[in-house]
Amino acid sequence: LGTFTIRSVFSNNFAIHRADLHEALLSYLPTETIKLGKTCVDFEQSSAGIKLYFQDGSVEETDYVIACDGIHSIFRKKLVPLHEPRYAGYTCWRAVIHNIPATVKADETSETWGPGKRFGIVPLANNKLYWFACLNARQNDPAMKAYRVPDLIASFGNFHEPVSDILRNTTNDQLLWNDIIDLKPLGRFAFNNIVLAGDAAHATTPNMGQGACMAIEDAAVLANCLSTDEEPASAFQQFERVRLTRTKKIVSESWRLGRVAQLENPLLIRLRNTVVRATPPRVMEKQLKFLYDVSF
């Protein structure tokens, strides 16, 4: 069936290395604000406040908690015990490399779809490049965990250049491997004096590149809610009302896009490719307009 490539020349879209983003955000905070190495393992919630238990044995008491502790959130697991992460059906390798092949176009992102697999290329600032490779697989597959660069070259050897060049310029120690998981949309984020945010509330598959973006939006919206409402618990409820619909749509659309991109059935692949080729760019832009239609 060959491969199918979607390309995008940078316009109003841009990619930032997460470490660079962290550095920029941290530069605005006093050093004593952040405490590292503090893993919360349990909590007790009451109308009087929340008691937090940490892995190092320490205990802290607070009036309110903004729980941004990721897709495996301790807070969500206790507040919504039946809502577990779901496996998307494919696994992923990623890397950021510095020695970019000459065949890479510095102003172009691309994602190439093959039967049950795809490869994405995202140039970054400072002569760096981020790439990802997805394969349909069983969850927690030992064979996938054991993959190294030569295995990826074998799996994606029939893809267009510069895919093979990029892989040959990647070392095994640069590889990051994860099964792709997300959260089926929750019905609430606010739980009296605790509010879930970021991946703890709405972890998504990476197909629309919106995971970190939604977390940043959360921070902006929650800050606005807290600035206009004197009672944090009430502000948490307001935050929930503002964020539920948008985050649910993005999580659902990203899940659907991943299913379409990872198709293996030859007939469905031909149908998908024909439809995408026949869709005018303005129609695609209209379908994605909701991503940019956001205000704080």
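Where is the place of Asn 127? I looked and found Asn 127 in the loop between β8 and β9.

**Ground rules.** I'm working from a predicted model, where local features need pLDDT of at least 70, side-chain atom pairs count only at pLDDT 80 or more, and totals for chains, interfaces and linings use all residues. Residues are numbered from 1 along each chain as its sequence is written, and side-chain values use heavy atoms, with hydrogens and water left out.

**The β8–β9 loop.** I placed Asn 126 here too, between β8 (117-124) and β9 (128-136). Asn 126 is not a glycine, yet its phi is positive, about 60°. Asn 127, also not a glycine, has a positive phi of about 55°. I noted Asn 126 as exposed because its relative accessibility is 62% (exposed is over 50%, buried under 20%, partly exposed in between, with a 1.4 Å probe and protein chains only). Asn 127 counts as exposed at 53%.

**A cis bond.** I found the Glu 161 to Pro 162 peptide bond to be cis, omega near 15°. Pro 162 sits in the loop between α4 (149-155) and α5 (163-168).

**Whole chain.** I have eleven helices and twelve strands down for the protein chain (DSSP runs numbered from the N terminus: helices are H or I, at least four residues; strands are E, at least two). The C-alpha atoms fill a box of roughly 60 × 40 × 35 Å along the principal axes. Of the 296 residues, 39% are buried. I also checked contacts (heavy atoms within 4.5 Å): of those with a separation of 6 or more, 69% come from residues 24 or more positions apart.
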